[in-house]
Amino acid sequence: QVQLVESGGGLAQAGGSLRLSCAASGRTISNYPMGWFRQAPGKEREFAAAINWSGDTTDYADSVKGRFTISRDDAKNTVYLQMNSLRPEDTAVYYCATRHLRYGTTYYLSVQYAYWGQGTQVTVSS
């Protein structure tokens, strides 16, 4: 079983930056596509960013494109989400997850992710 622990969340001002980390244990994540999702208060979980298993392809939700960057360091068994130009609407609990398929373009579907972290809170003040 893969265990994922997110960290790096906290309070930021609008226009500021945060860097989230997702540390994996139990087994290597080098063979897994990875994703970041977020859930705002009173809303359903939504896709934010994804990276393929080899790290050479990324994609983003329109709401974060150009502001967030997903990356992975398989030597550290860790995935990152660099969040720049933060907005109050980015306030949410952020989760990382492993996708159980290495192919296909439906990476934005949360049902295709097998293991999830506990989440880290990001709060952006206006």
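Analyst: Happy to! One term before we start: a salt bridge is a side-chain nitrogen of Lys or Arg within 4 Å of a carboxyl oxygen of Asp or Glu. Aspartate 74 and arginine 72 make such a bridge through their side chains, at 3.1 Å from N to O. Please keep in mind that this is a predicted model.

User: Is aspartate 74 buried or partly exposed, and what about arginine 72?
Analyst: Aspartate 74 is partly exposed, because its relative accessibility is 31%. Arginine 72 counts as buried, at 14% relative accessibility.

User: How many salt bridges does a search of the whole structure find?
Analyst: It finds six. One of them links arginine 38 to aspartate 90, with the closest N and O atoms 2.9 Å apart. Arginine 38 lies in strand β4 and aspartate 90 in the loop between β8 and β9, so this pair ties together parts that are 52 residues apart in sequence.

User: Are those two buried or exposed?
Analyst: Arginine 38 and aspartate 90 are both buried. For arginine 38, the relative accessible area is 5%.

User: Which other salt bridge does aspartate 90 take part in?
Analyst: Aspartate 90 also meets arginine 67, at 2.7 Å from N to O. Here the parts tied together are 23 residues apart in sequence, because arginine 67 sits in the loop between β6 and β7 while aspartate 90 is in the loop between β8 and β9. Both arginine 67 and aspartate 90 are buried.

User: Nice. New topic: which strands form the open sheet, and in what order?
Analyst: Four strands form it, in the order β1-β3-β8-β7, with antiparallel pairing. The edge strands are β1 (3–7) and β7 (68–73), each of which pairs on one side only. On average, neighbouring strands of this sheet are turned by 15° against each other, direction ignored.

User: How many bridges pair β3 with β8?
Analyst: Six bridges, in the antiparallel sense, between β3 (residues 18–25) and β8 (residues 78–83). If you want a spot to look at, leucine 20 stands opposite leucine 81 in β8.

Definitions and conventions: Residues numbered from 1 in each chain as written. Predicted model: local features only at pLDDT ≥ 70, side-chain atom pairs only at ≥ 80, totals over all residues. Heavy atoms only, no water. Buried < 20%, exposed > 50% of the residue type's maximum accessible area, 1.4 Å probe, protein only. Pairing = 2+ DSSP bridges. Helix = DSSP H or I, 4+ residues; strand = E, 2+ residues; numbered from the N terminus. Axes fitted to C-alpha atoms, helices over the stretch in contact; angles between N-to-C directions.
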